[in-house]
Amino acid sequence: MSDKLKNKVAVITGGSSGIGLATAKLFAAEGAKVAITGRNKDNLKKAVDSIGNQAISITGDVSNLANLAAIFQQVEAQLGKIDVLVANAAIYALAPLADFTEEMFDKISDINFKGTFFTVQKALPHMNNGASVILTSSVVAEKGVPQHAAYAASKAAVRSLARSFSAELLDRSIRVNVLTPGPADTPVFDSVTNTPEEAAAVKAGMAAFAPVKRIGTPEEMAAASLFLASADSAFMAGAELLLDGGIRSL
Ligand SMILES: NC(=O)c1ccc[n+]([C@@H]2O[C@H](COP(=O)([O-])OP(=O)(O)OC[C@H]3O[C@@H](n4cnc5c(N)ncnc54)[C@H](OP(=O)(O)O)[C@@H]3O)[C@@H](O)[C@H]2O)c1
């Protein structure tokens, strides 16, 4: 490893699973002091043990503003001011437009859109000038896919936030960029299926849909996040890094 984040303080929301966990592991291996968050305490504990470099975990829901304020206060008290913030926590929900309930709509908006907005707001007082903020969108933010309307719109909102936040935070030299994954092999598909076989079938369908004929790995997304987190991307602000196996362009 090349110590690209040596002694930097990095917070990854939703760091107990999938892309967030792979990112936490890579950042810790690159020398960062890492804090992960999530709602499930047991999952956080298991994850933190696998990250190393004395990573810490803090329980909290990103759709709860009091939780967010407490999380960032605790990060600063335990690790110091934040250099890298990855707003990664999100949920996925699929249903035809006709069947999508108000409850599903509110939940996805609260966690994915409002949660990302207030994650950045509540972190700001605890962030160093020159910090890198990474918001997590999705390839479907700019591609029409059946059953994805609310999720896709929440991720399009996140893409937009990065532009506005970045413009507003220029005076503190805080860069806000977006990581845009296409389908990646994480436990998220378990949340929208009933059996492991069903989840495998959804992933196989997505692999067939992707021009490169496979889905991505959490490690590929983590490597892109490292680029956005480090000085390597110093000339990027308000922009987007797309890792989608060609889905949007080909
Ligand atoms: N995997 C893909 O194919 C894919 C494609 C495009 C974009 N993305 C985006 O990439 C990011 C990571 O996805 P993933 O596939 O790695 O997801 P995942 O494996 O399902 O992990 C989601 C993480 O977010 C946490 N989380 C969920 N709701 C939360 C809340 N309200 N408050 C705090 N933490 C919460 C989860 O922990 P708890 O449940 O314990 O809270 C978990 O740590 C998401 O933003 C997702 O939308 C993923």
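Student: Which element gives the largest share of the shell around the ligand?
Tutor: Helix α1 does, with three residues. Keep in mind that this is a predicted model.

Student: Which other elements give two or more residues to that shell, and which residues come nearest to the ligand?
Tutor: Of the 29 residues around the ligand, the nearest are G14, G18, R39, N40 and A90. Besides α1, the elements that contribute two or more residues are β2 and α4, the latter spanning 102-123.

Student: How many polar, nonpolar and charged residues are in the shell?
Tutor: There are 16 polar residues and eleven nonpolar ones, along with two charged residues.

Student: Let's zoom out. How many helices and strands does the chain have, and how do they run from the N terminus?
Tutor: The chain has seven of each, helices and strands. Starting at the N terminus, the elements go β-α-β-α-β-α-β-α-β-α-β-α-α-β.

Student: What is the strand order in the sheet, and is the pairing parallel or antiparallel?
Tutor: The sheet is open, its seven strands are ordered β3-β2-β1-β4-β5-β6-β7, and the pairing is parallel. The edges belong to β3 (56-59) and β7 (240-243); each has a single partner strand, so one side of each has no neighbour in the sheet. On average, neighbouring strands are turned by 20° against each other, direction ignored.

Student: How many bridges join β1 to β2?
Tutor: Five bridges link β1, residues 9-13, to β2, residues 33-38, and these two strands run parallel. As one of the partners, I12 is bridged to I36 in β2.

Student: Back to α1 for a moment: which strands does it lie across?
Tutor: Helix α1 (residues 18-29) lies across β1, β2, β4 (82-87) and β6 (175-181), and runs at about 165° to β2. Helix α3, residues 65-79, also packs on the sheet, where it touches β1, β2, β3 and β4. The direction of α3 makes about 160° with that of β3.

Student: Why would you say the radius of gyration agrees with a compact globule?
Tutor: Because a compact globule of 250 residues would have a radius of gyration near 18 Å, and the chain has 17 Å. The C-alpha trace spans about 45 × 35 × 35 Å along its principal axes.

Student: And what percentage of the residues is buried?
Tutor: Buried residues account for 45% of the 250 in the chain. As for contacts between residues at least 6 apart in sequence, 71% of them join residues at least 24 apart.

Student: New topic: which value of phi does N53 have?
Tutor: Phi of N53 is near 50°, which is positive in a residue other than glycine. Most residues other than glycine have a negative phi. N53 sits in the loop between α2 (41-51) and β3, and Q54 is found in that loop between α2 and β3 too. Q54 also has a positive phi, about 55°, without being a glycine.

Student: Last one: where is R248, and what is it in contact with?
Tutor: R248 lies in the segment after β7. Setting aside neighbours within four places in sequence, R248 is in contact with V139, E142, K143 and L242. R248 is partly exposed, with 15 other C-beta atoms within 10 Å. From C-alpha to C-alpha, R248 and P211 are 9.4 Å apart in space, and 37 residues apart in sequence.

Definitions and conventions:
Residues are numbered from 1 along each chain as its sequence is written. This is a predicted model: local features need pLDDT of at least 70, side-chain atom pairs count only at pLDDT 80 or more; totals for chains, interfaces and linings use all residues. Helices (H or I, at least four residues) and strands (E, at least two) are DSSP runs, numbered from the N terminus. The radius of gyration is taken over C-alpha atoms; the globule rule is 2.2 Å times the number of residues to the power 0.38. A residue is buried if 20 or more other C-beta atoms lie within 10 Å of its own, exposed if 12 or fewer, and partly exposed in between; C-beta atoms are placed from the backbone. Two residues are in contact if their C-beta atoms, placed from the backbone, lie within 7 Å. Two strands pair if DSSP finds at least two bridges between them. Axes are lines fitted to C-alpha atoms, for helices over the stretch in contact, and angles run from 0 to 180 degrees between N-to-C directions. A residue is near a molecule or strand if its C-beta atom, placed from the backbone, lies within 6 Å of it. Ala, Val, Leu, Ile, Met, Phe, Trp, Tyr, Cys and Pro count as nonpolar, Asp, Glu, Lys and Arg as charged, and the others, Gly among them, as polar.
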